[in-house]
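Thanks for coming. I will take a few minutes to walk through one structure, and you can follow on the screen.

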Amino acid sequence: QGGSRILEFNETGVVVERGGAVETMECDDVVIALGLKSENQLARTLQQADPMNVYVIGDADHVNNIRYATRTAYDAVLTMESRFL
C-alpha cells in the first residue's frame, strides 16, 4: 500500500508501518512492487535467508516491458502454487 514501510517479515506475515501505526499483515506469500528502477539488494538479502522462496520478477530482474513483468509474475505464482499441490 502507498505510504507503507516494511519493518519485518516473520512466520505470521509482514509487519508494516502505515500512517504512524504498526500492524502485521497476515499472509503466506508476499509480492513486493517498489520503486521506479531495478534495485535488487532486498532480494539478495532475502535469498540468503530463504533461497527457495524468493522470486525476482519484472524490472527488478532486468528492465523490460510490461509483458515481461506480467509473465515473470505469473511464472512465480505458478511456482508458488505448485508447492501446495
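This is a predicted model: local features need pLDDT of at least 70, side-chain atom pairs count only at pLDDT 80 or more; totals for chains, interfaces and linings use all residues.

The protein has 2 helices and 3 strands, and along the sequence they come in the order β-β-β-α-α. Its C-alpha atoms fill a box of roughly 35 × 35 × 20 Å along the principal axes. Of the 85 residues, 13% count as buried.

Now the salt bridges. A search of the whole structure gives 3 of them.

Take R5 and E17, whose closest N and O atoms are 3.6 Å apart. This pair links distant parts of the chain, as R5 is in strand 1, residues 4-9, and E17 is in strand 2, residues 13-18, 12 residues apart. R5 is exposed, at a relative accessible area of 51%, while E17 is partly exposed, at 26%.

Next, the side chains of E23 and R18 meet in a salt bridge at 2.7 Å, N to O. E23 is partly exposed, with a relative accessible area of 32%, and R18 is partly exposed too, with 23%.

The pair still to mention is R71 and D75, with the closest N and O atoms 3.0 Å apart. How far apart are R71 and D75 in helix 2? They are separated by 4 residues, so about one helical turn lies between them. R71 counts as partly exposed at 48% relative accessibility, and D75 does as well at 31%.

That brings me to helix 2 itself. It covers residues 66-82, 17 residues in total, and spans 24 Å from its first C-alpha to its last, close to the 24 Å expected at 1.5 Å a residue. Which residues of helix 2 are buried? They are Y68, T72, A76 and M80. Viewed down the axis of helix 2, these buried residues fall within an arc of 105 degrees, so they line one face of the helix. I66 and R67, on the other side of helix 2, are exposed. At the start of this helix, a side-chain oxygen of N65 comes to within 3.1 Å of the backbone nitrogen of R67.

Last, the surface. I6, F9, V30, I32 and L42 form a nonpolar patch there, with about 350 Å² of accessible area together. One of them, I32, sits in the loop between strand 3, residues 21-26, and helix 1, residues 41-49. I32 is partly exposed, with a relative accessible area of 31%.

That is the end of my walk-through.

Notes:
Residues are numbered from 1 along each chain as its sequence is written. Side-chain values use heavy atoms; hydrogens and water are left out. Patches are made of residues with over 30% relative accessible area and no salt bridge: like charges are joined within 9 Å, nonpolar side chains (Val, Leu, Ile, Met, Phe, Trp, Tyr) within 5 Å. Accessible areas come from the Shrake-Rupley method with a 1.4 Å probe; for residues, only the protein chains shown count as cover. A salt bridge is a side-chain nitrogen of Lys or Arg within 4 Å of a carboxyl oxygen of Asp or Glu. Buried means under 20% relative accessible area, exposed over 50%, partly exposed in between (1.4 Å probe, protein chains only). The expected span of a helix is 1.5 Å times one less than its number of residues. The arc is that of the directions from the helix axis to the C-beta atoms. A polar contact is a pair of N or O atoms within 3.5 Å; within protein, one must be able to donate a hydrogen and the other to accept it, and residues adjacent in sequence count only if both atoms are side-chain atoms.
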